[in-house]
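Please read this briefing beside the sequence and the structure shown below. The notes after it are grouped by topic.

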Amino acid sequence: MTEFAEKSKALFEEALKLFPGGVNSPVRATVKPYPFYVERAEGAELITIDGDRLIDYVLGYGPLILGHKHPEVLKAVIEQLEKGWLYGTPSKSEVELAKKITKYYHADMVRFVNSGTEATVTAIRLARGFTNRSYIVKFEGCYHGSNDSLLVKAGSAATHYGVPSSRGIPDELTRLTYVLPYNDVEAFEKFMRSHGESIAAVIVEPIIANSGLILPDVEFLKALREYTKSYGALLIFDEVVTGFRVALGGVQELYNIKADLTTLGKIVGGGFPIGVVVGPKEIMENLTPLGKVFNAGTFNAHPVAMAAGLATIGVLERDRSVYETANSAAKTLAETLLTQAEKCGIDATVNTIASMVQIFFTKGPVKNYNDAKASNTKLYVKLHTELLKRKVFIPPSQFETWFTSSAHTSSIVEKTINAIEEAIPKLL
Ligand code: PMP
């Protein structure tokens, strides 16, 4: 970004009077001294109102696996707009998208909502209604949206701003949520042996993308599967980030472990607002209008999101080079970050899988929330600033993940490598 992005600065000054903190989602305010405003976006780049072209590794926080303004998604959206954009009745595209989702997530039924948050709210309510139990288990550093029941020791912006457990959520409610350490099989098994029979659901990010990137031990995921099954609790995999990103069938395909309910969002709406709950008939049938667990929404299964999601999944199915390009970009970035940090004598750990990467300034390994929090977050912010000066936009917070897309071709990656090689020595 240019040192003096006058137009962005002026807009942010106005925005500070209009929005708390000047923004509508907290992470956007972490770009200092003020966020840049985007005029348009294309491929791997954001073009700001001040005329800067930035290589984008945020990608709307995950949805844009095909990069910005992919021609097929654009075409599908325009075609839908030509036909009108909100009917208040079912439409064909929701049936088509649900068929794709049930196929890849080995489930029978779907409920479309409008955000990842709504998906986890609905999944938790459904699990409670189905099991007739009240308690839920989540894991430290996992973020499941701004869901009252799950905003306890949460990652992402909640951790960044020091409110991993938000004010305004009554203790009476948070008492129903147990929080356990991630990747700790022993702690989980011990907990389930004493409390398992009162638990409605165990919800987890099967790969954490909200405390930086943290990979699971397969044994941990297996223990979640085994113990929830034997105590009659539902296992919910929150694949809002990982669904259709690490594989078409998400982490469940990657590790061959099946959850009872899956929440999706982001990629499945092709960059438009969406959330999805997916599961077997006997659980899903408990949702209204068939069952007694309430969910409804004016914008549920919004035709434009359906069209963009179908177009995106269509490209992912047809063109394997999407995953190859995105994954190879992430791998190269990971190697570059690590090599450059080593060269400069800076302690660093890089976690990566598929098209996701994050660097932590610590010796590591980083396997849970406490490891992530123990890293030098000031150095991370400095890296963000140095890269932004060199026109590369990475997540402004340590507790997010870098994403790559099919638009991150070798020439884009090459430019990024140069920027990283210049930026890391500046951290000393
Ligand atoms: N679950 C996970 C794993 C997420 O990463 C997020 C958002 N980043 C959510 C749920 C909430 O999704 P939304 O922001 O669409 O409400």
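A salt bridge here is a side-chain nitrogen of Lys or Arg within 4 Å of a carboxyl oxygen of Asp or Glu. By this rule the count comes to 18 salt bridges. The model is a predicted one, in which local features need pLDDT of at least 70 and side-chain atom pairs count only at pLDDT 80 or more, while totals for chains, interfaces and linings use all residues. Residues are numbered from 1 along each chain as its sequence is written, and side-chain values use heavy atoms, with hydrogens and water left out.

**Salt bridges**

- The side chains of D260 and R225 meet in a salt bridge at 3.0 Å, N to O.
- This pair links distant parts of the chain, 35 residues apart, with D260 in the loop between α9 (250-255) and β9 (261-265) and R225 in helix α8 (residues 218-231); helices (H or I, at least four residues) and strands (E, at least two) are DSSP runs, numbered from the N terminus.
- R225 counts as buried because its relative accessibility is 17%, where buried means under 20% relative accessible area, exposed over 50% and partly exposed in between (1.4 Å probe, protein chains only).
- R318 forms a salt bridge with E72, and their closest N and O atoms are 2.7 Å apart.
- R318 lies in helix α11 (residues 303-318) and E72 in helix α2, so the pair ties together parts that are 246 residues apart in sequence.
- R318 is exposed, with a relative accessible area of 54%, whereas E72 is partly exposed at 33%.
- K389 forms a salt bridge with E386, with the closest N and O atoms 3.2 Å apart, and both residues lie in helix α14 (residues 377-389), three residues apart, about one turn of the helix.
- E386 is buried, with a relative accessible area of 9%, while K389 counts as partly exposed at 41%.
- E386, K389, R390 and E422 are linked in a network of salt bridges.

**Ligand surroundings**

- A polar side-chain atom of T117 lies 2.6 Å from an oxygen atom of the ligand, and a polar backbone atom of G116 is 2.8 Å from an oxygen atom of the ligand.
- Taken alone the ligand exposes 390 Å², and the protein buries 82% of that; accessible areas come from the Shrake-Rupley method with a 1.4 Å probe, and for residues only the protein chains shown count as cover.

Definitions and conventions: Polar contact = N/O pair within 3.5 Å; in protein donor to acceptor, adjacent residues only side chain to side chain.
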